[in-house]
Amino acid sequence: MSVAILRKGEYFIASIQSDLSDTEVLALRDDLIERVGRFRALGIVVDVSALDVIDSFAARALRSIALAAKLRGARTVIVGIQPDVAVAIVQFRLNLDPLRTALDLDEALALLELRPERKPADGR
Amino acid sequence: MNQNQPVPSLQQSAAEASLLHELVEYLRENRGDLREQWARRITDAELLSVMTADEIFSEVTAVYDNYVDALETGSVETLQAYARELSERIIRRGVETHEVLGIVLLLRDVLGRSLLDNYEEDRDLLRRILDAYEPAANRIAATVGVSFVEERERVIREQQEAIRELSTPVLQVRDRLLISPIIGAVDSDRARQLTEQLLGAIQANRARVVVLDITGVASVDEAVANHLVQTVEAARLMGARAVITGLSSKIAQTIVDLGVDLGMLNTVGDLQGGLEEAERMLGHRDADVEPTESSIES
C-alpha cells in the first residue's frame with residue numbers, strides 16, 4: 001500500500017504517496033483506527049499533498065477516520081490539500097466536517113498541540 | 001479577359017513588368033495631384049475625423065509613396081511594416097477598422113480612375129494596365145487592412161494580459177498574512193482566476209490568514225457572491241482562514257436580498273479592521289502554540 005504511517009510522539013502521520021483505490025482507503029482507515037487504540041495516540045495527521053483528486057468516497061473515508069478516531073480519543077488533521085483539489089471539494093459540495101485542515105505538517109502538529117486539555121493525566 | 005489569355009509565359013510576365021513599370025512612372029509623375037485628390041476624398045468621406053488635415057496629408061504622402069514602391073517591387077513587406085507602425089499610432093487615437101479599409105479602397109479608386117482617364121484613347125493598353133494594377137492594388141489593400149486588424153488584436157491582447165496581471169494582486173503583508181485587494185468588476189471568469197491565484201499564493205507563502213478587500217468592487221451578483229464563499233471555503237480546506245473586508249452598503253444589501261449564506265464568512269467593515277482581526281488571529285494562535293506557555297500550564 002502506498003501509504004507511509006509514521007509515529008511521532010503521541011501522533012501518527014499518514015503520508016499518502018499516490019492515488020488510492022477504494023479498498024486501500026478502507027484499509028488505511030482500519031489500520032489508523034487500530035493503531036490509535038494500540039498506541040494510545042492523541043492525534044492523526046493525514047498528508048494528502050500527493051493526491052490530485054479527492055472524490056466523494058475518499059472524502060467520506062477521511063471523515064470516517066476523523067469520527068472513529070475521535071471516539072477513540074484522537075483528533076485528525078488533514079494537511080496539504082492542493083488548490084485544485086480544494087476548489088473541486090467545494091464545488092462538488094463534499095462534506096469534510098468535522099475534519100480540520102492545515103497547510104503543512106508543522107501547522108498540523110501545532111493545531112494538535114492546541115487544547116492540551118484532552119491529554120491524559122500521565123503528563124503530570 | 002483573363003480566361004482567354006494563354007498560360008502566362010516568361011515573356012508575358014516581362015511584358016507585365018514593363019506595364020507595371022510604366023504604371024509606376026505615371027503614378028510618380030502625378031504624385032502631387034493624386035495625393036491631394038486622395039486626401040480630399042478622405043476628408044469628404046469624413047474618414048479619419050480624429051486627425052487634422054495636415055496630419056492626414058503627411059500620412060497620405062507616406063502611404064502613397066509606400067504604395068507605389070510596393071507596386072514597383074511587388075514586395076509588400078515595407079508597406080506592411082509601415083502599416084503596422086501607422087496602425088499602432090492611430091489605434092490609440094480611436095481610428096476604426098472601417099476607416100482604414102475605406103482609405104485604402106479610396107486610394108485604389110482614385111488611382112484606378114486616374115488610370116482610366118489617362119489611357120482612355122487606347123482601350124487595349126488600359127485593359128492590360130488594369131490587369132497588372134488591380135491584383136497588385138487588391139493585394140496591397142488586403143495587406144494594409146490585415147496589418148491594421150492584426151495590430152489592433154495585438155494591442156487588445158496586450159491590454160487583456162495587463163488587466164489580468166494587474167487586477168488581482170496577492171500581497172504578503174507579513175509572515176503568514178496575505179492581502180488581496182480586489183478592484184473593478186468581478187465576473188465569474190475573474191472570480192475563478194482570483195481563486196486560483198489566492199490558493200496558489202496561500203500554498204507558496206504558507207499563509208495562515210488572508211484578507212480579501214473588496215472595497216473597490218462596485219457590485220456583486222449571486223454567482224460572484226457564491227464564488228466568494230467557495231473561495232473562502234477552499235482556503236479553509238488548505239488551512240488558511242479568510243477575512244473579507246470593505247463590503248459596501250450596497251453589496252451588503254444585495255447579498256442579504258439574494259439570500260446568499262455568508263454566515264461562515266468572517267467579515268469586517270474596513271481594511272484596517274480586517275488587518276487588526278488578522279493580526280489577532282495570528283497572534284492568538286501563535287500565543288497558544290508557544291511551547292513555553294503550554295509547558296508552564298501543564
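Predicted model: local features only at pLDDT ≥ 70, side-chain atom pairs only at ≥ 80, totals over all residues.
Two packed helices are described by the angle between their axes and the distance between the axes. For α1(A) and α2(A), the axes cross at roughly 10° and come within 10 Å. On the side of α1(A), the residues that take part are Asp22(A), Val25(A), Leu26(A), Arg29(A), Leu32(A), Ile33(A) and Val36(A). These meet Phe57(A), Ala58(A), Ala61(A), Ser64(A), Ile65(A), Ala68(A) and Ala69(A) in α2(A). Sorted by class, the contact of α1(A) with α2(A) comprises eleven nonpolar residues, one polar residue and two charged residues.

Chain A also contains an open sheet of five strands, arranged in the order β1-β2-β3-β4-β5 and with mixed pairing. Its edge strands are β1 and β5 (100-102) of chain A, each of which pairs on one side only. On average, and with direction ignored, neighbouring strands of this sheet are turned by 25° against each other. Helix α1 (residues 22-39) of chain A packs on the sheet, where it touches β1, β2 and β3 (43-47) of chain A. The direction of α1(A) makes about 165° with that of β2(A).

Strands of a sheet pair through backbone hydrogen bonds, either parallel or antiparallel. In the case of β1(A) and strand β2 (residues 11-16) of chain A, the pairing is antiparallel and extends over six bridges. Within this pair, Ile5(A) stands opposite Ala14(A) in β2(A). The hairpin of β1(A) and β2(A) has two residues between the strands, and Gly9(A) in this hairpin takes a positive phi near 60°. Strand β1 (residues 3-8) of chain A lies largely in the open, because the number of buried residues among its six is zero.

Helix α3(A), by contrast, has buried residues, namely Pro83(A), Val85(A), Ala86(A), Val87(A), Ile89(A) and Val90(A). The cover over these residues includes α2 (56-71) of chain A, together with α7 and α8 of chain B. Just after α3(A), Arg93(A) takes a positive phi of about 50°.

The packing of α3(A) against chain B can be described in the same terms. Helix α3 (residues 83-91) of chain A and helix α8 (residues 222-237) of chain B pack with their axes 8 Å apart, at an angle of about 125°. This angle makes α3(A) oblique to α8(B). The crossing in which α3(A) passes α8(B) is right-handed. From α3(A), the contact involves Ala86(A), Val87(A), Ile89(A), Val90(A) and Gln91(A). From α8(B), the contact involves Gln230(B), Glu233(B), Ala234(B) and Leu237(B). By class, six nonpolar, two polar and one charged residues make up the contact of α3(A) with α8(B).

Between the two chains as a whole, 18 residues of chain B are in contact with 19 residues of chain A. On the side of chain B that touches chain A, the elements giving two or more residues are α7 (188-205), α8 and α10 (271-289) of chain B. That side of chain B has six nonpolar, seven polar and five charged residues.

The secondary structure of chain B comprises eleven helices and five strands. Of the 298 residues in chain B, 29% are buried. Among contacts in chain B with a separation of 6 or more, 77% are accounted for by residues 24 or more positions apart.

One buried position in chain B is Leu34(B), located in helix α2 (residues 31-44) of that chain. Leu34(B) counts as buried because 21 other C-beta atoms lie within 10 Å, where the cut-off is 20 or more. Apart from neighbours within four places in sequence, Leu34(B) is in contact with Leu27(B), Val110(B), Leu111(B) and Ser114(B). The C-alpha atoms of Leu34(B) and Leu107(B) are separated by 8.8 Å, while the two residues are 73 residues apart along the chain.

Key:
Residues numbered from 1 in each chain as written. Chains lettered and ligands numbered in written order. Axes fitted to C-alpha atoms, helices over the stretch in contact; angles between N-to-C directions. Helix = DSSP H or I, 4+ residues; strand = E, 2+ residues; numbered from the N terminus. Parallel < 35°, antiparallel > 145°, perpendicular 65-115°, else oblique. Left-handed = near helix turned anticlockwise from the far one by under 90°. Contact = placed C-beta atoms within 7 Å. Nonpolar A, V, L, I, M, F, W, Y, C, P; charged D, E, K, R; others polar. Buried ≥ 20, exposed ≤ 12 C-beta atoms within 10 Å, placed from the backbone. Pairing = 2+ DSSP bridges.
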